[in-house]
Amino acid sequence: MKRFVVDPLPGSIPYENHRSIRVKAKFSGMKFIDFLGEYHPPTPRDAWLGWIEAGEILIDSFPVRAERIVREGDRYTHVMSDVVEPDVNAAITILHEDDSLIAVDKPAPLPVHPSGRFHRNTLSWMLERHYNGEKLRVAHRLDANTTGVAVLCRTAAAAGFVQPQFERREVQKLYLARVSGTIPWDEHRCDLSIAHASDVLKRRLSVGARVTCRSGQEARTDFKVIQRLPDNTTLVQAIPLTGRTNQIRVHCWSLGFPIVGDLLYLQDKKIGEQQTHTMTDPPMCLHAHRLTFCHPDSMTPVTFQSPPPKWWGENAEDAAN
């Protein structure tokens with residue numbers, strides 16, 4: 001293992017960011033301003049109009065009008081000047097590296113790939129600079145606020161072998177979590193389906209939250225209680241059998257035991273307004289502890305593991321292994 005810290009953060013120095021916006025078939029025929037609202041609902045309409053009026057959204061190097069009709073395949077460029085990204089935790093530990101894969105112990109908060117307010121202050125951007133400009137391909141999703149094992153592929157061939165294993169649900173995953181409340185059961189399989197909260201609640205939210213509902217996508221998580229703590233929290237192991245966005249967080253929240261420190265999925269089935277934590281927020285107590293899958297070179301199972309975090313506690317450490 002080797003640890004490195006990126007300092008200064010690459011997104012802390014003002015720069016001009018060119019963000020691509022591509023039109024999918026389902027949006028074809030809409031007015032541009034209406035399309036933008038569907039493309040990224042958290043961004044207020046007035047903000048999009050301001051950027052349009054300032055000539056900061058282009059197609060073929062020409063400013064776009066709000067009333068323009070979009071077509072499938074259109075590619076627009078949002079030119080954002082003097083961008084400074086929020087601070088992140090850039091203390092990254094390399095757990096394993098070979099010709100095909102890099103496995104890291106990801107700190108938090110740190111997004112894995114560019115999205116929203118983050119472009120350069122992301123794991124993939126920092127690792128590509130650390131590995132002299134290599135094109136790295138993220139093998140799986142991991143929330144910005146979740147710590148633990150993340151795997152990136154160094155070649156297209158490796159990505160073509162590893163990524164489908166996640167899609168086919170062949171990867172064995174083990175997460176550690178600390179949740180609010182004292183869980184009464186010892187083991188439980190949650191099979192509540194998951195959908196976008198805005199689709200279920202019929203109102204636009206400022207964050208891309210998910211909720212459980214019968215019409216959502218199939219989702220299954222196995223939970224096992226490890227220790228009930230005197231502060232009315234519980235340590236659990238979580239094994240996601242499907243790979244929906246925010247799956248473990250949403251299932252814990254829906255069962256009435258939200259993850260400690262989660263600023264989006266709150267107590268009493270409430271949804272917060274903040275997705276990615278700041279450096280001063282308490283940690284979200286969800287940790288990707290272990291991954292097992294078939295290596296693209298050896299064609300045999302390989303396991304990468306990250307040590308339990310401090311919030312897991314010394315007394316329960318053995319239970320994570």
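The structure is a predicted model, in which local features need pLDDT of at least 70 and side-chain atom pairs count only at pLDDT 80 or more, while totals for chains, interfaces and linings use all residues. Residues are numbered from 1 along each chain as its sequence is written, and side-chain values use heavy atoms, with hydrogens and water left out.

Strand β9 covers residues 147–153; strands (E, at least two residues) and helices (H or I, at least four) are DSSP runs numbered from the N terminus. Seven of the seven residues in β9 are buried, buried being under 20% relative accessible area, exposed over 50% and partly exposed in between (1.4 Å probe, protein chains only). Strands count as paired if DSSP finds at least two bridges between them. With β7 (residues 101–106), β9 runs antiparallel over six bridges, and here D105 sits opposite V149. Strand β8 (residues 137–138) is also antiparallel to β9, with two bridges, and V138 faces L152. The pairing with β16 (residues 286–294) is parallel, again through two bridges, with T147 opposite H287.

Over in the loop between β14 (221–229) and β15 (233–240) is N232, which is partly exposed at 46% relative accessible area. Its C-alpha atom is 6.5 Å from that of S180, although the two residues are 52 apart along the chain. Beyond its neighbours within four places in sequence, N232 is in contact (heavy atoms within 4.5 Å) with V179, S180, G181 and T182.

As for charged pairs, a salt bridge here is a side-chain nitrogen of Lys or Arg within 4 Å of a carboxyl oxygen of Asp or Glu, and the count comes to 13. One of them joins E67 and K31 at 3.0 Å, N to O. E67 lies in the loop between β4 (62–63) and β5 (75–83) and K31 in the loop between β2 (15–22) and α1 (32–39), so this pair ties together parts 36 residues apart in sequence. Both ends are partly exposed, E67 at 43% and K31 at 38%.

Another salt bridge links R249 to D143, with the closest N and O atoms 2.9 Å apart. R249 belongs to helix α6 (residues 247–254) and D143 to the loop between β8 and β9, so parts 106 residues apart in sequence are tied together. R249 is buried at 2%, whereas D143 is partly exposed at 22%.

R189 and D222 also meet in a salt bridge, at 2.7 Å, N to O. That pair links strand β11 (residues 187–190) with strand β14, 33 residues apart. Finally, salt bridges with shared partners join D143, R249 and D262 into one network.
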